[in-house]
Amino acid sequence: MTAITTPFGFESTAAEVIAGIDLSGKRVIVTGGSSGIGVETARELAGAGADVTLAVRDTNAGDRTAAEITATTDNAAVHVGRLDLADQASVAAFAASWSGPLHMLVNNAGVMALPDLGLTPEGWEMQFATNHLGHFALALGLHDALAAAGAARIVSVSSRGHMRSPEIFDDINFASRPYDPWLAYGQSKTANVLFAVEATRRWRDSGITANAVHPGAILETNLSRYLDPEYLAQLRASATYAETYDGSTLRYKTLEQGAATSVLVATSPLLEGVGSRCFEDCNEARVLDPNEPNTSSTGVAAYALDPGNARRLWDVSLRMLQTG
């Protein structure tokens, strides 16, 4: 299978990758569309003519963002819907309220590194429940709308953090192992990639494809809200805007650069009919050798693309939703 390459790269912006693409008549949902790269993703999709719905917990913030996007794009078709991904009733209500086709679902929202173990009322670890199960249930609820579009795309926003942990199927919710914020985040981000793999396998015949995205390291987002303020201040003051992390060097992106890969995967003609892959820096990510140390600053772990893991996660997720 030939890897997909594009003319774009690390420094490309969302505006650059979508230039010349007309999304008139396309309907899009962006979760977490009122902050961070979600705003920039929604802005560029709206700027290309799409009808965009911001799926957000805080509808007041969503309304402000929608008004700002309309003002900067002259596109009045920017809507707001309430969605709390950690609340399955909220997910079900959002999906039930949708009518008509859906051409793009950008699963962008997420939480990172919750310092203490948090559980939903169902007993699910909060990062897994929000980052994966909420989006999983949302996609299931919107399946018919995606199928009605004829050639729909799902963008599953993951992270380089997936390299911190594969899916620990025997203890997803940290019931019998010590809670670690980064291991919890890592397995939730691995789940985002595995979802794209299995969703494409199951739904390709309905015209639905899904791909995962690593947006890159971006400081100016709400994802950083649980990190130590002094640590963040040091990073922001860095002249190089880079740090050594797990033995590797990370380069930070702007919000506009961070949204670029999501926008490309959602819209590029190069990805028509393409699914079950992972992208970073606007190109398909290389698959890391299982024996390679996970200190690489690029690439996707082989376990995150493993079809067997993807099928197992799908089945486990269905059981969790049915018994939760």
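This is a predicted model: local features need pLDDT of at least 70, side-chain atom pairs count only at pLDDT 80 or more; totals for chains, interfaces and linings use all residues.
Residues are numbered from 1 along each chain as its sequence is written, and side-chain values use heavy atoms, with hydrogens and water left out. Local features need pLDDT of at least 70 and side-chain atom pairs count only at pLDDT 80 or more, while totals for chains, interfaces and linings use all residues. Helices (H or I, at least four residues) and strands (E, at least two) are DSSP runs, numbered from the N terminus.

**Helix packing**

- Axes are lines fitted to C-alpha atoms, for helices over the stretch in contact, and angles run from 0 to 180 degrees between N-to-C directions.
- Angles under 35 degrees count as roughly parallel, over 145 as roughly antiparallel, 65 to 115 as roughly perpendicular and the rest as oblique.
- Helix 5 and helix 7 have axes 7 Å apart and pack at an angle of about 15°, so they are roughly parallel to each other.
- The contact (heavy atoms within 4.5 Å) involves residues of helix 5 including His132 and Phe136, and residues of helix 7 including Ala191, Phe195 and Trp203.
- By class, the contact of helix 5 with helix 7 has 10 nonpolar, five polar and one charged residue; Ala, Val, Leu, Ile, Met, Phe, Trp, Tyr, Cys and Pro count as nonpolar, Asp, Glu, Lys and Arg as charged, and the others, Gly among them, as polar.
- Helix 4 (residues 88–97) and helix 5 have axes that come within 9 Å and cross at roughly 25°, and are therefore roughly parallel to each other.
- Helix 4 passes helix 5 in a right-handed crossing.
- From helix 4, Gln88, Val91, Phe94 and Ala95 meet Leu133, Gly134, Ala137, Leu138 and Gly141 of helix 5; this contact has six nonpolar, three polar and no charged residues.
- The axes of helix 7 and helix 12 come within 8 Å and cross at roughly 90°, so these two helices are roughly perpendicular to each other.
- Residues of helix 7 including Leu194, Phe195 and Trp203 meet residues of helix 12 including Ala310, Leu313 and Trp314; the contact has 10 nonpolar, one polar and five charged residues.

**Cavities and pockets**

- On a 1 Å grid over the protein atoms alone, a cavity is a set of points where a 1.4 Å probe fits but cannot get out, and a pocket is an open set with protein on both sides within 12 Å along at least five of seven lines; lining residues have an atom within 4 Å of a point.
- Grid points are joined across faces, edges and corners, and a volume is the space filled by probe spheres set on the points.
- The whole structure has two cavities of 30 Å³ or more, and the second largest cavity holds about 30 Å³.
- Helix 5 (126–141), helix 7 (181–203) and helix 12 (307–323) each supply at least two residues of its lining, and helix 12 gives the most, with four residues.
- His132, Phe136, Leu194, Phe195, Ala310, Leu313, Trp314 and Ser317 line this cavity; six are nonpolar, two polar and none charged.
- The second largest pocket holds about 310 Å³.
- Of the 20 residues lining that pocket, Lys26, Ala151, Arg153, Ala266 and Glu272 lie nearest its centre.
- Strand 5 (152–157), strand 6 (208–214) and helix 10 (260–267) give two or more residues to the pocket lining, which has 10 nonpolar, five polar and five charged residues.

**Gly150**

- Gly150 lies in the loop between helix 6 (143–149) and strand 5.
- Leaving out residues up to four places away in sequence, Gly150 touches Ser206 and Gly207.
- Gly150 and Ser206 are 56 residues apart along the chain, with their C-alpha atoms separated by 7.2 Å.

Notes. A crossing is left-handed if the near helix is turned anticlockwise from the far one by less than a right angle, and right-handed if clockwise.
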